[in-house]
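Hi everyone, thanks for coming.

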Amino acid sequence: MVSFTLFEGDYPVVKQATSQEQSKSYEAPLRGFETLVYLVCATKQNGAYDGFSCTSDDGQSLLDTLILSQWEERAWMGRLSYDVTSCETKIVGGMKLTAQLNEEWNSNFLKEFEKKTFQSSGGIIKPSYIKNNQEEILFCVASGESERSVLVPFVATPQEGTLIIVNANPIEYGHIFLVPYYHHKRTQSIGGALQLITQIADEVDNLSFRMFYDYSATNTDRTFFQASYFANPLPVELLPFIPIYGSSIDGIQILEVADYPLNALVFASKNLRKLADVVGEICSTLQHRNTVFNLLISNCGTKMFLFPQVHLPVTGHHLHAWECGGYFIYRKSLDFDDASEKEISKWLASVSIDAESFQSLKQLCCGITAKFS
Amino acid sequence: MVAFCCLPIGGVDECCAGRGKSSLPSPLAAAVAAVAAMGSNETHLLESLTSRYSEWIMEALDDLPHDLSFLITDPYIAGHPIVFASRGFLSVSGFSREEVVGLNGRIFQGPDTDRRSVMEIREAIREERAMQISILNYRKDGTSYWILFQLCPVFGRDDGRLVHFVSVQVPIPRRGLNCTRRAVRGGLLFGACRNEVRSDLEFRCSLPFDSYDDSDNRGLEGEERREAGDREKQKAVDGVTEILSKLAQYSKLTGRVVCGNRCSPKAGTASLSSSLCTSLGRIKQSFVLTDPLLPDMPIVYASDTFLSLTGYTRDEVLGRNCRFLGGPNTAVEALQQIKESILAEKACTVRILNYRKDGTSFWNLLHISPVRNSSGKIAFYVGVQIDEGLKNDEHGLSPSIRQLGAVGAVKVAVRSLSSSAGPSSRSTS
């Protein structure tokens, strides 16, 4: 576990950020916006990952407590559309797929969130969003310079970081959006964002915490992630994996998910920095090729699932990352009661890329990973 | 009412034949005596109640609301007979009090009573624990009706020994279609069935009728299993609470005080799965979980920090209602606020004066919230305590952040599919 100290008064990094506000930054919707700021420690950033604290018995981490408490508070205050914990969930079939009955589920929540939050192009957060939706913003995570992660209450947001925003249409407890932002750059690539995202997964240090990233042709310039808490592993995490690359202790392992209707790869490593670099590079490559894909980050950042999907320009119906992971939401109780492994498998198979494309994807992934070793 | 059979075989009648001596320890002696002489049979069944709750208990129980349908049974008398049947029960079942007192509750079973549910009840009786289940019962005239069956053991407060079982029955109305179909035409058929049950093995009755598939029985098969709604469940729990408080009140007159919870460590923790306990153990805050489905909402989990804050040991708090934290200067308004938010199934934060075991008091910034399981039902209430005197933790986090962080972690843990799919589950259907 990382340890934390609270800095009273001005904190150097934040101070620096404010002083640079003078410089010409043409897009800075967050300028002057004050919130809780969580600064992740610097040692880890520099690659000095000293193993993992997932198994530590130190209780909840500070970041975990922060996310859960801020989310619970919004839920208590009635800021969410419904209480997702009152939704029934059940296991479907031998693959242990999960079905949730959620009659108030808004399947358009992602599009609505994008429309509300981002400018129509460029992936920049709308100033009006910040102004009108402060209650939705839980806090901000940014890179710090200290050896310890710290919480700074109510200061101006640093120049770059990630906003943690509550999702009012949660799929499970603690569903949040993680929106990376820059004061000085127009766009943010997934490769760059993945470093901090992985660090967040590490510092949350809770095996129930899972992060998602959906990429389709419609959101090309908006990079944001989602995360939620699931007490049980997602079904795909329980399946057997076949190793296809790597074995060394420090390096990166690539595995293939066996016996799953949707072709999927797993990237696993204890070296989070390297893992984020590799997966980030692979994602960037896929984006350039206009490939639809999803990421699922589990196990405190040490496991990343890559789900490539076939491009369906006509229907445009692609699966969310949690759906790729085997977690499905039903709006009607009749459909929920009838949920079957056969039907869900069909959905998963319908977006899966064929064996040939999957083979070339594997080659691509191994090639990129080899470059980083 | 079903299968209250602690002693495996043999009805009341057989038991008396073999052993007629009175030099046995008191419960068995009472049992033997109860059946030895037909005339004094009733007297001894009555003594089962009066010796514990004074001779005014019958009147007191009859004073309870007339629609409250419940039975009290004595597991120490051979055959685990009914020692009291409420007026509400008699009017629903069609029996007279004389007809049921002294008999085992299984006489209310019939051919369509679900075997598995019966087994579950028997298991709860064997383990001396509370349970709730929907089950099909039969009236005297052979017609059947669905009830929510709530079983609750009664323990001696001081020795933790089982005294009686209370079982409350709440009728479950048919949902949707509003037709009142008589379960069966031939009342005689089932009258015969009950006689057979009474005389011998509890499940034998099902055998001769399993093969019946004529038009008479078709109506029964069409009768769908009914599940109790939240209203019925609440009613059952309220009923038990009311009866227990009567029993506790009158037991004070004999000095042999009873309560609904055994003050032993096993009684409480048994209902939580080990995986849930592991997840909860990770939360280093002072908190307790209470089970709203058990009478008087006892504590079923207490964190280590709670124990060090209050000075009690785990054995001393499990199975008890949280009110023992209160004391002479605890404000009634605060307690009322807690009660109201629990009734409304809402979260609340209350500043309340609490007392440690050593008698010292502290201001508790208590946050209470309902916690739902993977079925979406309220499984627990979590109460997170913060001693106002110790405001800042080493990270400078405010009490409310720490509290709500713990609440969130509990809510995530209880949503686990495995934690509500175990045998101890009450709310899975």
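Okay, let's begin with the inside. The largest nonpolar core has 143 residues, and the members that touch the most others are Phe139(A), Leu163(A), Phe267(A), Leu306(A) and Leu280(B). By nonpolar core I mean a set of buried Ala, Val, Leu, Ile, Met, Phe, Trp, Tyr and Cys residues joined through side-chain atoms within 4.5 Å. Buried is under 20% relative accessible area, exposed is over 50%, and partly exposed is in between, with a 1.4 Å probe and protein chains only. Apart from that core there's another one, of 32 residues, including Leu68(B) and Tyr250(B).

Quick housekeeping. This is a predicted model, where local features need pLDDT of at least 70 and side-chain atom pairs count only at pLDDT 80 or more, while totals for chains, interfaces and linings use all residues. Residues are numbered from 1 along each chain as its sequence is written, chains are lettered from A and ligands numbered from 1 in the order in which they are written, and side-chain values use heavy atoms, leaving out hydrogens and water.

So what does Leu306(A) touch, not counting residues up to four places away in sequence? Its partners include Phe267(A), Ile282(A), Leu286(A), Phe293(A) and Cys365(A), with contact meaning heavy atoms within 4.5 Å.

Now the helices. In chain A, α6 (residues 190-204) and α7 (residues 272-288) have axes that come within 8 Å and cross at roughly 140°. Those axes are lines fitted to C-alpha atoms over the stretch in contact, and angles run from 0 to 180 degrees between N-to-C directions. Helices here are DSSP runs (H or I, at least four residues), strands are E runs of at least two, and both are numbered from the N terminus. Among the residues making the contact are Ile190(A) and Leu194(A) on α6(A), and Ala276(A) and Gln287(A) on α7(A).

Stay with Gln287(A), in helix α7 of chain A. Is Gln287(A) buried or exposed? Buried, because its relative accessibility is 17%. Leaving aside neighbours within four places in sequence, Gln287(A) contacts Ile190(A), Tyr213(A), Tyr215(A) and Phe293(A).

Last stop: Phe230(A), in the loop between β9 (225-229) and β10 (241-245) of chain A. Phe230(A) counts as buried because its relative accessible area is 3%. Beyond four places in sequence, its contacts include Ile171(A), Phe212(A) and Tyr327(A). Leu207(A) is 23 residues from Phe230(A) in sequence, and their C-alpha atoms are 8.6 Å apart.
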